[in-house]
Amino acid sequence: TYREGEETDIDEFVLTKEGAATTDASQFWFFGSVPKVKSESKFWEFSLDENAWVERTMRYEGAASLKMNDDGSFNLLVGATDLGTGSDTVLAQIAAETLGVPLADVIIYSSDTDFTPFDTGAYASSTTYISGGAVMKAAEDVAAQICRHAARHFFDGMDAERLRLEGGAVHGPQGRSVPLETVALHATHQAEQHPDHLVAAFLGE
């Protein structure tokens with residue numbers, strides 16, 4: 001806690017009732033009536049009541065890992081915690097829409113620190129944007145991997161960008177399609193057989 005006019009050890013700025021003085025004026029601005037100072041990518045927030053105080057505003061991060069199973073379903077691992085906000089459903093919906101599968105085909109595991117990726121926490125209404133962004137990136141990566149594999153093995157080596165995922169299948173020109181389960185089985189047990197194939201993980205911030 002820093003009192004009015006007291007010098008701090010945070011990059012040499014001073015709290016006053018009028019605001020905060022800093023050695024670099026370009027790093028100072030107001031958000032409504034609350035002044036803020038940026039210091040080495042960290043954000044500090046000030047309250048100008050009778051007991052002036054300073055609080056570090058956290059950097060929000062969320063991560064997601066996505067794996068395709070050999071039955072065409074997907075395991076989605078996220079660190080985000082559903083506190084009754086419906087984030088588990090929202091994040092699974094983002095993955096399902098990106099992958100072109102029903103929501104029931106996305107199995108979500110959340111906030112288990114034994115095996116789910118890191119997440120800062122449920123702050124500032126950021127879960128959909130931060131963790132959802134990580135989920136979308138992971139799903140886009142896996143979708144691209146699926147299309148590349150399908151193009152090579154089921155669509156005569158055509159350009160993978162001509163394929164799309166919809167309705168639990170890979171669709172190509174002239175009405176051709178291959179179920180995701182077929183692609184997953186082939187990738188997992190017949191072709192590359194890499195344990196990390198059709199897997200992606202991303203950090204959102």
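Is Asp-156 buried or exposed? In this predicted model, Asp-156 has a relative accessibility of 71% and therefore counts as exposed, the cut-off for that class being over 50%.

**Two residues with positive phi**

Asp-156 sits in the loop that joins α2 (127–153) to β10. Its backbone is worth a look: phi of Asp-156 is near 55°, a positive value in a residue that is not glycine. Gln-174 also has a positive phi, of about 60°, and is likewise not a glycine. Gln-174 is placed in the loop between β11 and β12. With 82% relative accessibility, Gln-174 counts as exposed.

**The sheet around these loops**

The strands β10, β11 and β12 make up an open sheet of 3 strands, in the order β10-β11-β12, and the pairing is antiparallel. β10 (164–166) and β12 (177–179) are the edge strands; each has a single partner strand, so one side of each has no neighbour in the sheet. From one strand to the next, the twist averages 30°.

The pairing of β10 with β11 (residues 169–171) is antiparallel and runs over 3 bridges. Within this pairing, Leu-165 is found opposite Val-170 of β11.

Ile-107 belongs to strand β9 (residues 106–110).

| Residue | Relative accessibility | Class |
|---|---|---|
| Ile-107 | 34% | partly exposed |
| Tyr-109 | 33% | partly exposed |
| Phe-115 | 42% | partly exposed |

Why does Phe-115 count as partly exposed? Its relative accessibility is 42%, and the class covers values between the limits for buried, under 20%, and exposed, over 50%. Tyr-109, at 33%, is placed in the partly exposed class, and Ile-107, at 34%, is also partly exposed.

**The aromatic pair**

How many aromatic pairs does the structure hold? The count is 1 aromatic pair. Tyr-109 and Phe-115 form this pair, with 6.0 Å centre to centre and 70° between the planes, an edge-to-face arrangement. A pair of aromatic rings is described by two values, the distance of the centres and the angle of the planes. At 70° between the planes, Tyr-109 and Phe-115 are edge-to-face because that term applies to angles over 60 degrees.

Methods:
Residues numbered from 1 in each chain as written. Predicted model: local features only at pLDDT ≥ 70, side-chain atom pairs only at ≥ 80, totals over all residues. Heavy atoms only, no water. Pairing = 2+ DSSP bridges. Helix = DSSP H or I, 4+ residues; strand = E, 2+ residues; numbered from the N terminus. Axes fitted to C-alpha atoms, helices over the stretch in contact; angles between N-to-C directions. Buried < 20%, exposed > 50% of the residue type's maximum accessible area, 1.4 Å probe, protein only. Phe/Tyr/Trp six-rings, centres within 6.5 Å; stacked < 30°, edge-to-face > 60°.
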